[in-house]
Amino acid sequence: MKRLFLMLLASLAMPVWAAEAVPVGDDPAIEARMVNLATDLRCLVCQNESLAGSHAELAEDLRREIREQMRAGKSDKEVVTYLTDRYGDFVLYRPPFRSYTLLLWLGPVIFLGIGAVAWFLTLRRRRAIKVTDQVSVASLKQAADLLDEKQD
Amino acid sequence: MKRWLPLIIFAALGGFFYIGLHLDPREVPSPFIGKPAPAFTLPVIGQPGVTFSPEQNKGKVWLLNVWAPWCVACRQEHGALMQLAQAGVPIYGLNWKDKDREAEALMARQGSPYAAVAEDLDGRVGIDYGVTGTPETFVIDKTGIIRMKHIGPINADNWQAKFEPLLKELSK
């Protein structure tokens, strides 16, 4: 019974193995580094997929290229430079801080600033309204006095 | 002013969306413009023992057309390329990832607009040129500098708009 149960368990494990059927290089360490790097890189054919997850032929070629360069001892940074030299910053899912990405990086801060200014202005206006209220209370009283005088 | 603010914001957003509709996400800006064409030496299809490398074309303005027999859009531009070749435009082909090696038979059947076609079987030269898909065409000047990259098939319209003025200027 126990053996049968184990066999059942073993058969359940099969699909788990099947999920890893991505062509794996010889060296698991390099494979892990490659996948880690390629997750942050854009596949240039499907554009909204990462280089790690894409099945496009070009993505496969580029993964092969990354693998080979890593095996040759290149650092992650050197591999990324190799790719940006050819495909531009477009391959990077994390855009670098450059003059033409200023708006992208500083945009949220600018919007926060606009919000802060609007908040400040609204607060100040409200405070100003209170002051005029007091003035109008005073002038109301004055008006009432004037009315009282007329009745006399 | 305050009453018009929502309308102004809507118009601005609408303007951005309208421009966005007409942008082609495939038109990835190439980092190669203004840089030397990457060097390579590859065998020429149909001429055993002969190799092609961009250096051989120093001194002339030429086109490097990246194509493949399996590429449908390349068939679309075939007619336009034939006409250009007849008009004397030097077009060199890079046969990209043609695993089944059908290029020679295809050119024999349909005619070839190319002065020579280099065979890039594993696609490495394509990667060196930042090719993402076929067809792509590079305009390379007399000193071997890439001046333009066109993504997608060439037709009479984009030839007149993009290529012709540039070639005229470069050929001076």
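This is a predicted model: local features need pLDDT of at least 70, side-chain atom pairs count only at pLDDT 80 or more; totals for chains, interfaces and linings use all residues.
A residue is taken as buried if 20 or more other C-beta atoms lie within 10 Å of its own, with C-beta atoms placed from the backbone. Strand 3 spans residues 62-67 of chain B, and because 6 of its 6 residues are buried, the strand is largely enclosed by the rest of the structure.

The pairing partners of strand 3 come next. In the parallel sense, strand 3 of chain B pairs with strand 4 (residues 91-96) of chain B over 5 bridges. Within this pair, Leu63(B) has Ile91(B) of strand 4 as its bridge partner.

Strand 6 of chain B is itself mostly covered, with 5 of its 5 residues buried. One side carries Glu136(B), Phe138(B) and Ile140(B), the other Thr137(B) and Val139(B), and both faces are covered. Strand 6 also runs antiparallel to strand 7 (residues 146-151) of chain B, to which 5 bridges join it. In strand 7, Met148(B) stands opposite Val139(B). The hairpin made by strands 6 and 7 of chain B has 5 residues between the strands, and Gly144(B) in this hairpin adopts a positive phi near 85 degrees.

Zooming out to the whole of chain B, the model shows 5 helices and 7 strands, arranged along the sequence as α-β-β-β-α-β-α-β-α-β-β-α. Of the 172 residues in chain B, 32% are buried. Among contacts in chain B with a separation of 6 or more, 73% link residues 24 or more positions apart. The radius of gyration of chain B is 19 Å, whereas a compact globule of 172 residues would have a value near 16 Å. Along the principal axes, the C-alpha atoms of chain B fill a box of roughly 75 × 40 × 30 Å.

Chain A, for its part, is assigned domain 1 (24-96) and domain 2 (99-152). The centres of these two domains of chain A, taken over C-alpha atoms, are separated by 55 Å. One residue of chain A worth a visit is Ser50(A), placed in the loop between helix 2 (28-38) and helix 3 (57-71) of that chain. Ser50(A) counts as partly exposed because it has 16 C-beta neighbours inside 10 Å. Beyond its neighbours within four places in sequence, Ser50(A) is in contact with Ala38(A), Thr39(A), Leu41(A), Arg42(A), Cys43(A) and Tyr93(A). For Ala38(A), the sequence separation from Ser50(A) is 12 residues, and the C-alpha to C-alpha distance is 6.7 Å.

Finally, the two chains meet through 11 residues of chain B in contact with 12 residues of chain A. The side of chain B that touches chain A comprises 5 nonpolar, 5 polar and 1 charged residues.

Terms used:
Residues are numbered from 1 along each chain as its sequence is written. Chains are lettered from A and ligands numbered from 1 in the order in which they are written. Two residues are in contact if their C-beta atoms, placed from the backbone, lie within 7 Å. Ala, Val, Leu, Ile, Met, Phe, Trp, Tyr, Cys and Pro count as nonpolar, Asp, Glu, Lys and Arg as charged, and the others, Gly among them, as polar. Domain bounds come from an automatic or database domain assignment. Helices (H or I, at least four residues) and strands (E, at least two) are DSSP runs, numbered from the N terminus. The radius of gyration is taken over C-alpha atoms; the globule rule is 2.2 Å times the number of residues to the power 0.38. A residue is buried if 20 or more other C-beta atoms lie within 10 Å of its own, exposed if 12 or fewer, and partly exposed in between; C-beta atoms are placed from the backbone. Two strands pair if DSSP finds at least two bridges between them.
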